[in-house]
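I opened this one with a notebook beside me and a few backbone and packing points to look up. Here is what I wrote down, in the order I went.

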Amino acid sequence: MPIKEITMPKLGESVTEGTINTWLVQVGDHVNKYDPIAEVMTDKVNAEVPSSFTGTIKELIANEGDTLEVGELICTIEVAHSEETVADTKSDDSKEESVAEVQSQIDQSMKKRYSPAVLRLAQEHDIDLLQVEGTGRGGRITRKDIEEIIASGEMPQAVEPAKQATPEKVTPAAVEKPAPAVLPDAQTGDIEIPVTGVRKVIADNMVRSKTEIPHAWMTVEVDVTDLVNYRNEVKESFKEKEGFNLTYFAFFVKAVAQALKEFPQINSMWAGDKIIQKKDINLSIAVAKDNELFVPVIKHADDKSIKGIAKSIYELAMKARTGKLTMDDMQGGTFTVNNTGSFGSVQSMGVINHPQAAILQVESIVERPVVINGMIAVRHMVNLCLSLDHRILDGLICGQFLARIKEILENMNKDTISIY
């Protein structure tokens, strides 16, 4: 029976790669077309990869923890003849020769992309990965390659300088090849935690954001005493009527959405040779699940009431914690509001959610003595910390934006705003 290839699918707009979190099948398993075969994590969302054919899993090319580009081979499947199409049939001898010729010319572009499992095994057994010939796509070294080397007992070591190629045979690529990074070794009692799945995506995104975006920061403190009193008056009746909590965060999101309408420059993205000012106000919010962090999006937040925003926050948080977020839930964010105050934080500087222009940290509401008209009073105070992309935004516009949010929040009370 013919063997078909299943590749890493494109799981969303701007998604270029995915990490195999969990295989849902094993070699020898029979699957039907569209059955899920793997859970994949991208920088947008967790998703299941469906089988493209009905048949028996022949080989799992990618390992759990491997990150592959869209279109890369992840597994092969043995299918029934009925699954073949005319377009797939290659009876012509010249076509077979052409395929063979192309296969023989596959470059080694993936050779230096190692999965966490490969790196860990290589370090444990002192294997120089530069001396290993990978059997994966594009010359990539797989965990199976390393396991076979370990089983053989012949560990390839780094080539001594005296044994290296003569000067006339040294290629430019060989000269420019960077030295492998020096990684710390675990000591007795240390715990090694593989960087995979969501944690790897978070790490990659944070590095990209900090290396590409010139960050700047500013902070304002806001007196939210009236807001706190208003929310405390209605929170019990709201919970009883609606079935979910009326959180402080919903008020802050509402204030941000209103201010973004008045300062649309903040609702922008960097696009190389231009700045894109977004029409829709879609607010990304951070939701944690164990050691995983998701950033779902409240769409058209400026059109929602405080109740509507509170409901969106509740529903997105529940989806994240039950693994039911969809690609649509994660896409389209134009500005991020991060509720760091839920952890008791009073001052922090957020890393911008690439490619957005800014992120706002809403800190913990605390009671503090404040001077009002020459008198000391205890007030409910909160810090708002804005991180901005200095390519897009300057201090003047961001200062005005924060001042407007402060004004909105300090005037939120039962006489000025309706929850519904």
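I started at Asn373, which I found in the loop between β18 (366–372) and β19 (375–389). This is a predicted model, and in it the phi of Asn373 is near 55 degrees, a positive value in a residue other than glycine. Is Asn373 buried or exposed? I looked up its relative accessible area and got 77%, so Asn373 is exposed.

Next I went to His300, another non-glycine residue with a positive phi, here about 50 degrees. His300 belongs to the loop between β15 (297–298) and α8 (306–321). Its relative accessibility is 36%, so I put His300 down as partly exposed.

Then I checked a peptide bond. The one from His354 to Pro355 is cis, and its omega is near 5 degrees. Where does Pro355 lie? I placed Pro355 in the loop between β16 (335–338) and β17 (358–362).

On to the helices. I took α7 and counted 15 residues. From first C-alpha to last, α7 reaches 22 Å, close to the 21 Å expected at 1.5 Å a residue. How many of the residues of α7 are buried? The tally is 11 of the 15, so α7 is largely enclosed by the rest of the structure. Among the buried ones I noted Phe249, Phe251, Phe252, Val256 and Leu260. Lys254 is also on the buried list.

I then looked at how α7 (residues 248–262) meets α8: the two pack at an angle of about 115 degrees, and their axes are 9 Å apart. The crossing is right-handed. On the α7 side, the contact uses Phe249, Ala250, Phe251, Val253 and Lys254. On the α8 side I listed Ile306, Ile309, Ala310 and Ile313. Sorted by class, this contact has eight nonpolar residues, no polar ones and one charged one. I also reminded myself that an α-helix has 3.6 residues a turn, so residues three or four places apart point the same way.

Last, I looked at confidence. The chain averages a pLDDT of 83, and 82% of the residues score at least 70. Residues 97–107 have a pLDDT below 50, and beyond near neighbours in sequence that stretch has four contacts in the model. Residues 161–167 are also below 50 in pLDDT, with two contacts beyond near neighbours in sequence.

Definitions and conventions:
Residues numbered from 1 in each chain as written. Predicted model: local features only at pLDDT ≥ 70, side-chain atom pairs only at ≥ 80, totals over all residues. Heavy atoms only, no water. Helix = DSSP H or I, 4+ residues; strand = E, 2+ residues; numbered from the N terminus. Buried < 20%, exposed > 50% of the residue type's maximum accessible area, 1.4 Å probe, protein only. Axes fitted to C-alpha atoms, helices over the stretch in contact; angles between N-to-C directions. Left-handed = near helix turned anticlockwise from the far one by under 90°. Contact = heavy atoms within 4.5 Å. Nonpolar A, V, L, I, M, F, W, Y, C, P; charged D, E, K, R; others polar. pLDDT = per-residue confidence, 0-100. Expected span 1.5 Å × (residues − 1).
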